[in-house]
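Hello,

Here is the structure I promised to pass on. My notes on it follow below.

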Amino acid sequence: MAVTDFPYETFGQSSGQPAADESSPGTRSIRDRVVPPMRGSVLWGWLGPLFITVFGGVLRFMGLGHPKAVVFDETYYAKDGYSLITWLVERVTIKDADKALIAGNTDIFQKCTEATLDKCASYVVHPPLGKWMIGVGEWLFGMNPYGWRFAAAVIGTLSILVLARVARRMTRSTLLGCFAGLLLALDGLHFVLSRTALLDIFLMFWVLAGFACLVVDRDRARERLVDWYETSPMSPQGPWLGLRPWRIAAGLCLGAAMGVKWSGVFFLAAFAVMSLLWDFGARRAVGLRNPYSGAFSKDVPTGLVAFALVPFVTYMTTWTGWFVSAAGYGRNWDQATSSGPIYFVIDSMRSWIQYQWQVFSFHSGLATSHPYMSDPWQWPLLLRPVAFYYEGNKGGACGAKDCAEAVLGVGTPVIWFGALAALIALIAWYVATRDWRAGAVLLAYAMGWLPWFYFAITENRTMFLFYAVPMVPFMVLAITLCAGLLIGPSAKTPGGAVPLRRTLGAAAVGAFALLALINFWWLHPVLSAELIPYTEWKARMLFDKRWI
């Protein structure tokens, strides 16, 4: 596709104002204003993102079983996943279980009789869904590094496709969608977590999927509203827009995010408000006399189903194994079954709520020092990444006297520092234009970042850089939206940019993508545990004292 044919909605043009006089020359129809058309080929709208996804998937699956070790917090989640697919609940493991696993021995759980089940129940502090997902890979490929990392690689790869598609929908540009997918594929932190059995990549995926569903729902709701506007008599409040399955799907995804980590609740609350604000804007855009009362009476009830009932049911479903098993921590099975089915439900819920309170108390008081801990204000600058794995080798196997293998959980600096500039630009853009895309990206980024300030300031909680991975897709979206501003809208659209600006803008955006690729290629050996000379490993430590 030539640069001059680059399809892109005019930025800064509000779609939240009352309908204009469509008889005026050059004025867009209300349909084009409220739901800008998706330009370009539908086929390439899928093939382009899929090509980028395959590229990212190849990167993530190559050497997935290396290093053959239990890396960082895999020591918890790999074993918990295997326990869930075996026992339906997490169980206590034997001493030196990690060594046994690497040696090929999967008999790693303590032996218990029916009378001592409570002694084998493992106290865990995160909901089970992410560990169930890890367990699926172990069920398919065995209890080995490839098996316990498989699900993370699949989810990390799928997130590239989801981001590319949602960026395409937000910008109405296939090329910008592919640009977003490429940047996510090249981010170092996303890459490392896609190859490690930790929970955060699953949290990131469900948050991104929920956001993507809401963006689709926004388009679908506006399409229905315009259809009504064009074919039905006007009313002050407008129509009911139906059950809105994409919003229900968003609620399911956000409930799943909470089923991985509780921090998913921040996104659920923020996205619920965001969706309602979008409903206000849609009804105002078609010139309804009472858009706010219309949204409250016709959109909020189904919104409560999508953002309250569906997430709750989804979250509770992730605990099914705990409810149906007698071996879960704090289950109190004997007491629950002693007085009939009604008491079973009541006592089971009471035991579950008590367990949740214990977990909440644990997270609130988690202040153990760790050499790789970092505060949230340090994350955007990559000041303290996490060394997931390091193995020195003095045998000269790499062709030098001293060798090193390392997995450093760090983002690609070109992308992260570029995102800082893009986010600042988005703040200015949103203040100036109230563009919904800038507001949505800023809100999602803030929900992945700002809540951690509270825990850092008030509770001195132990935190790590990889907690920031749910922010990464929205950092990429910020860069993508700014790339669209730089290039400008197609000359075929009202107010389109001149060809020279689009050519120079496209060159700048292409240069940024190339820099991100080079930066990722440079870091790749210390992201994937490649055996390299120690001097090369050290040369890749951007901030010498902080990255080591």
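By class, the residues lining the largest pocket are 25 nonpolar, twelve polar and eight charged. (Ala, Val, Leu, Ile, Met, Phe, Trp, Tyr, Cys and Pro count as nonpolar, Asp, Glu, Lys and Arg as charged, and the others, Gly among them, as polar.) This is a predicted model: local features need pLDDT of at least 70, side-chain atom pairs count only at pLDDT 80 or more, and totals for chains, interfaces and linings use all residues. Residues are numbered from 1 along each chain as its sequence is written, and side-chain values use heavy atoms, with hydrogens and water left out.

The lining has 45 residues in total. Val125, His126, Phe362, His363 and Arg461 lie nearest the pocket's centre. Helix 17 (340-364) is among the helices that supply at least two lining residues. Helix 17 gives the most, with six. (Helices are DSSP runs of H or I, at least four residues, numbered from the N terminus. A pocket is an open set of points on a 1 Å grid over the protein atoms alone, where a 1.4 Å probe fits, with protein on both sides within 12 Å along at least five of seven lines; lining residues have an atom within 4 Å of a point.)

Now the helix pair. Helix 18 (residues 413-433) and helix 19 (residues 436-449) have axes that come within 9 Å and cross at roughly 130 degrees. (Axes are lines fitted to C-alpha atoms over the stretch in contact, and angles run from 0 to 180 degrees between N-to-C directions; contact means heavy atoms within 4.5 Å.) Leu423 and Trp429 of helix 18 are among the contact residues, as are Arg437 and Tyr445 of helix 19.

Best wishes
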